[in-house]
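The following note sets out numbered comments on the sheets and the chain interface of the model below.

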Amino acid sequence: MEKVIFFLVVMCFAVLSCTKDKTDYEAEIDTVVTEHYEFKEAIVVHTRAFDIHIEALNGTFYKGYNEIRLKVTDAQTRENIQVTAATFLPILAKADGSKNSCPHRYDLVYREEGNYFSGYAVFTDESSQGNWQIYLSFTIDGEQYSATHGITVEKQPNKNLNMTAFTGKDDEQYFIALISPQKPKIAENDLVAGIYRYHKPTQPAGTFPDPAQFSYSEVSGYTLQLDPRMPEPSMGNHSSINNKDLIQEDDGLYHGVVNYTMTGNWTLNFILLNQKGKIVKGTEVPTDFTPGVEGAKSELYIDILF
Amino acid sequence: MWKLFTIPVLCLGTVVHAQHISRQPDSTHILDEVNVNAVVNKQIETEMKMAVSVDEFLASSDNISFIKRGAYAWEPLLNNMSTERSTVTIDGMHIFGACTDKMDPVTSYVESNNLSTIDIKSGQEGSLHGATVAGSMDLKRRTTPFGLRKKWNGAYQTGFEFNNQQFFNLGNVSYSGNKFVADGSISFRKAGNYTDGHHDEVRHSQYNKFNTSLALAYKTSPLSSVRVDALFDQAKDVGFPALPMDLWLSRAIITSAAYKQLFEEGLVRAWDTKVYFNAIEHYMDDTQRPENLVHMDMPGWSTTYGLVSKANLKKDNYGAEIQLNAYNNLSIAEMRMYPQDRSKRTMFAYSWPWVTTRFAGLSMNNFWDISERSQINLGGSLGLNYNRSKYVEFNWIFHPGTPSEKTRVLPSLHAGYQLDIQSFHFSGGLGYGHRAPSVSEGYGYYIYNSFDRYDYIGNPDLKNEISYEANASAGFKNDRMGITAKVNYFYIQNYIIGRILSLGSPMNYQSVGVKGYTSLDHAQVFNISLNAHYHIFKQLHGEGMLTYARATDDQGGNLPFIRPLSYQASLHFMHKQFGFQTSLNGDFTQINYSPAYGEDQTPAYTVWNVSADYTFNFKKVKTVVQVGAENLLNAYYSTYADWGNIPRMGRNIFTSLKINF
């Protein structure tokens, strides 16, 4: 009987002693990725009798793509005010005196379901690079009001919302900003990006801020060819399959599919083609499997991490 | 009193024996003592070597071959088909390895001193334990009967093998009371690197194994008993020379509780129901391989619980076995690759994305003695197999939109006829059966196979593999000699095998490409074996075995891992307390190898073994000492199924001592 007890004791110890823990898959992805899905108030601008509320995801403006929502309330009663039109213009003033903007929606779009004006801004620099000001105007009962306010643009901690700015072969200035997925999975991911172009002013500047000097638009009818690869040398230029190039959909954004086969650093190698299929920017990357050697990147790429 | 009950049990025993079902008398049976003693003393051993590992024991069977990745945990191939195609169970309990690279077949979690026998059934005859194509291997644990005259029994075995400095200690003890029985075993094995026939050390071929088991049985009534079993196995620091990784730790805990009821009369004679649980964890380790470009963790877990319930029926010349199998398995395997700059983010993915397998099936085998000389058997099973991939998005990468759940119906049928005419014995049979793809075949994700150096991707939409089988045997036996020839042929529809995918790039730095599991239209497997034994005179007898197999895919190309023409021959001489054995085994040149699946031609080899033993009684304790040499001529060879052509062990002098008390 003692032997029996001895055996049982040995067995209990053996079974209960430490082993490796299984990976918590959800937490694994959360370690480097924070997902924001709640719009919070980023700034409030007081102008005369009105408060202008600007909301952004997490109440913060980040470098890269930001969806914004604008509401106007009565400063006294805090009731929503019926606004008929609203404009939005961000301007970056740098120490050297230059004044630039970034891709944005100037004429905000009214969204009835949420009773707000919707727009976006693709901030190209963080506030550490200069001072961002937003210039707003809105119309109430036929009367136009305007306001301006300084904002802070922070570093985007989520590399899945990275952006890139470049000059294409057509000598135009382009911007590509990742919009979705914020939190990729080891799976097929719907990849959404915004592609924008700066329109060089054709007329001399009017009174500042003259929106015609800071004109950007979503490019239409382009194609963004995609080749995702892992840059880590030991991954030997690993890629995935069943990816789809990004093409424009009705929302003006570019939609495609990217498959991530494992977590870690990935490079989205792009080739941007215009409506005629001509390369605006980007180069093909080698597809060879080269263990120990970091794969070459396209001249147009965005790095992500999850 | 208890003698009364021996009668039905004995009847059952004889009937079963007559039906050529290899069945071990069970602890709860009340059996006559002669039989019982035979069981108690029986231990897994080959004629060459009395202290063998489970793998070595299996290797002596004519329809088992092995894929070897080192000195430990060989993957048993039944009828030259890989483990996915056979069911391997321990006392009917389903267990699934936790290693995506099949480094832990079920046979690696038991030890020779807690097994009494291994019941191998070829083809659909093995469908009793669940859906199969190749057959079944049931590892039977030792069970001590109730009420032995000698209450305490035990055995101790120790030995040393010089080639790899293997030192082992195996002990087991049993207590047999009228109401209570206990079996316990414990074993340790520790081996270093072995050296090949060129006196070169094969690095990373060491292993350490610890195994212990305990079983307690209580007789609840004269005809019923309950039994609880537990087995714990741990392997540590196991090298796999043919792989870029080793095993840091694997552990298995295998438990069951069973209730058995015997019946003195009526159609149902015995009914045995068991619930079981087993958990396996398996952690690969590459820290001993500094040459690797990528450091990688590859842990795996496999947890199974289930129920097996079996009834034995007998009436006049009819007998039957009915078995219900149900189990639930969860297989998880992860891989985490570390970047060269360790401060950077690690790269993680599941190679088994939490795959659940549920199976429920009812199987039946019927036997009719249609005359004194002939018997018919007819059997079948119907199973329901359900799979679910929790993180199906992994599978969507290669198979977009595939459902996360899949249910399959797995039918099986088999029939056989046996005829004895004087000293001649003939049999023939037909079989039909389905099997579901394994977890790796269905849901595997970038599983690196170091043999062909491809990453393998599972396909959840694979069709069932369907086997059509025919088998026959003919034999002659008299007092002096016996000879048996056996053939079987399998035509397998939707044969599952990895095919190169033109898309996708490998994930493991050693691989050269990606293969996806796909179904060939069909494949054919043919096995033939010839066994003979001859008593030259009373003290001297000889045995011989010749096997050949041929397997082709739908294009007529060769399938991999098919054993070439191979032979085993042995001579045994006994004189008083001395025994001498010598054996010769080898393969001929592998003619039908398969370059398409990563094979190269393996040359012929022959290995010569000798051993001698001496049995004596030391203070009423039966003692056997044995000394011998395997591969006496120190041949340098590797077999057709040695992963990466790693050389096998050179000359190995072994010694062992066994005492029974």
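1. In chain A, A:Asn66 has A:Ala121 of β8(A) as its bridge partner. The strands concerned, β4 (residues 64-74) and β8 (residues 116-123) of chain A, pair in the antiparallel sense over seven bridges. Strands here are DSSP runs of E with at least two residues, helices are runs of H or I with at least four residues, and both are numbered from the N terminus; two strands pair if DSSP finds at least two bridges between them.

2. This is a predicted model, in which local features need pLDDT of at least 70 and side-chain atom pairs count only at pLDDT 80 or more, while totals for chains, interfaces and linings use all residues. Residues are numbered from 1 along each chain as its sequence is written, and chains are lettered from A and ligands numbered from 1 in the order in which they are written.

3. The open sheet of chain A has five strands in the order β1-β2-β4-β8-β7, with antiparallel pairing. Its edge strands, β1 (39-47) and β7 (109-111), each pair on one side only.

4. Chain B contains an open sheet of four strands, ordered β4-β3-β6-β5, whose pairing is mixed. At its edges are β4 (93-94) and β5 (115-122) of chain B. Strands β3 (residues 86-90) and β6 (residues 135-141) of chain B run parallel and are joined by five bridges; B:Thr87 stands opposite B:Ser136 in β6(B).

5. At the interface, 39 residues of chain B are in contact (C-beta atoms, placed from the backbone, within 7 Å) with 37 residues of chain A. On the chain B side, α4(B) gives the largest share, five residues.

Note on methods: Two residues are in contact if their C-beta atoms, placed from the backbone, lie within 7 Å.
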